[in-house]
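Biologist: I would like to learn how to read a model of this kind, feature by feature. Could we take each general idea before its case here?

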Amino acid sequence: MRIGHGYDVHPLVAGRDLVLGGVKIPHSKGLQGHSDADVLIHAICDACLGAAGLGDIGRHFPDTDPQYKNIDSRKLLRKVKEAIAGRGLKVGNIDSTLVAQAPRLTPHLSQMIQNIAADLGITPESVNIKATSTEKLGFAGREEGIGAHAVVLLMTK
Ligand SMILES: [Zn+2]
């Protein structure tokens, strides 16, 4: 077994879609980034790559590369699955936390779980997503950005 950790933050700006865990969530602002800026999937990708000893998402999908402009991050997650499979590894389970003051994310968590489980070829019971606010403290509390933490356990295939 191998363990990995991922952490990511993107700024919230007007005029962008808010996509978290592959779910488009109605909100007045969205996350800014080179890709679709799906901060949860990025944290999970980083945790998987970290556990496999494969560096990080920036190394695999550079934000200077036009092929990743506005890309659906679920495609990146599926590529990460292939990369860890190349090391003889698969995801055992994931625990993650979204840090956002708004909007309310709880109604969307089950669809995010379905998406991530499908992309990684694991059961939904192996994917846990929590959502927390920061009681209006810090950048997340001021709604300047959204953060995500992920911990992933990889198992030998
Ligand atoms: Zn990111």
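Modeller: We can begin with a definition: helices are DSSP runs of type H or I with at least four residues, strands are E runs of at least two, and both are numbered from the N terminus. Histidine 42, for instance, lies in helix H1. Please keep in mind throughout that this is a predicted model.

Biologist: How many helices and strands does the protein chain have, and in what order do the elements run?

Modeller: The secondary structure of the protein chain comes to five helices and seven strands, and from the N terminus on, the elements follow the order β-β-β-β-α-α-α-β-α-β-α-β. The radius of gyration is 15 Å, close to the 15 Å that the globule rule gives for 157 residues, so the protein chain is as compact as a globular protein of that length. Along the principal axes, the C-alpha atoms fill a box of roughly 40 × 35 × 25 Å.

Biologist: What share of the residues in the protein chain is buried, and what share of the contacts with a separation of 6 or more comes from residues 24 or more positions apart?

Modeller: Buried residues make up 46% of the 157 residues, and residues 24 or more positions apart account for 73% of the contacts with a separation of 6 or more. The protein chain exposes about 7500 Å², of which carbon and sulfur atoms supply 51%.

Biologist: How should I read the packing of two helices?

Modeller: Two packed helices are described by the angle between their axes and by the distance between those axes. Here, helix H1 (residues 39-51) and helix H3 (residues 73-85) pack at an angle of about 10°, with their axes 10 Å apart. Angles under 35 degrees count as roughly parallel, and therefore H1 is roughly parallel to H3.

Biologist: Which residues in H1 and H3 meet?

Modeller: From H1 come Ile41, His42, Ile44, Cys45, Cys48 and Leu49, and they meet Ser73, Arg74, Leu76, Leu77, Val80 and Ile84 in H3. The residues of this contact divide into nine nonpolar, two polar and one charged.

Biologist: Is valine 80 buried or exposed, and which residues is valine 80 in contact with, leaving aside its neighbours within four places in sequence?

Modeller: Valine 80, which is found in helix H3, has a relative accessibility of 1%, and because buried means under 20%, it counts as buried. Leaving aside its neighbours within four places in sequence, valine 80 is in contact with Cys45, Cys48, Leu49 and Phe61.

Biologist: Is histidine 42 buried or exposed?

Modeller: Histidine 42 counts as buried, at 7% relative accessibility. Once neighbours within four places in sequence are left aside, its contacts are Asp8, His10, Ser35, Asp36, Ala37, Ile57, Ser73 and Leu76. Histidine 42 and alanine 150 are 108 residues apart in sequence, and 9.1 Å apart in space, C-alpha to C-alpha. For arginine 78, also found in helix H3, the relative accessibility is 35%, so arginine 78 counts as partly exposed.

Biologist: What should I look for in the backbone itself?

Modeller: Most residues other than glycine have a negative phi, and most peptide bonds are trans. In this model, a cis peptide bond with omega of about -5° joins alanine 102 and proline 103, and proline 103 has its place in the loop between strand E5 (89-99) and helix H4 (109-120).

Biologist: Which residues other than glycine have a positive phi?

Modeller: Glutamate 135 is one of them, with phi near 55°, and it lies in the loop between strand E6 (127-132) and helix H5 (138-141). Its relative accessible area of 65% makes glutamate 135 exposed. Glutamate 143 also has a positive phi, near 60°, and is placed in the loop between H5 and strand E7 (145-156); at 26% relative accessibility, glutamate 143 counts as partly exposed.

Biologist: Where is lysine 136, and which residues does lysine 136 touch, not counting those up to four places away in sequence?

Modeller: Lysine 136 is in the loop between E6 and H5, and at 61% relative accessibility it counts as exposed. Not counting residues up to four places away in sequence, lysine 136 touches Gln101, Gly141 and Arg142.

Key:
Residues numbered from 1 in each chain as written. Predicted model: local features only at pLDDT ≥ 70, side-chain atom pairs only at ≥ 80, totals over all residues. Heavy atoms only, no water. Axes fitted to C-alpha atoms, helices over the stretch in contact; angles between N-to-C directions. Parallel < 35°, antiparallel > 145°, perpendicular 65-115°, else oblique. Contact = heavy atoms within 4.5 Å. Nonpolar A, V, L, I, M, F, W, Y, C, P; charged D, E, K, R; others polar. Rg over C-alpha atoms; globule rule 2.2 N^0.38 Å. Buried < 20%, exposed > 50% of the residue type's maximum accessible area, 1.4 Å probe, protein only. Areas by Shrake-Rupley, 256 points an atom, 1.4 Å probe, with all protein chains shown as cover.
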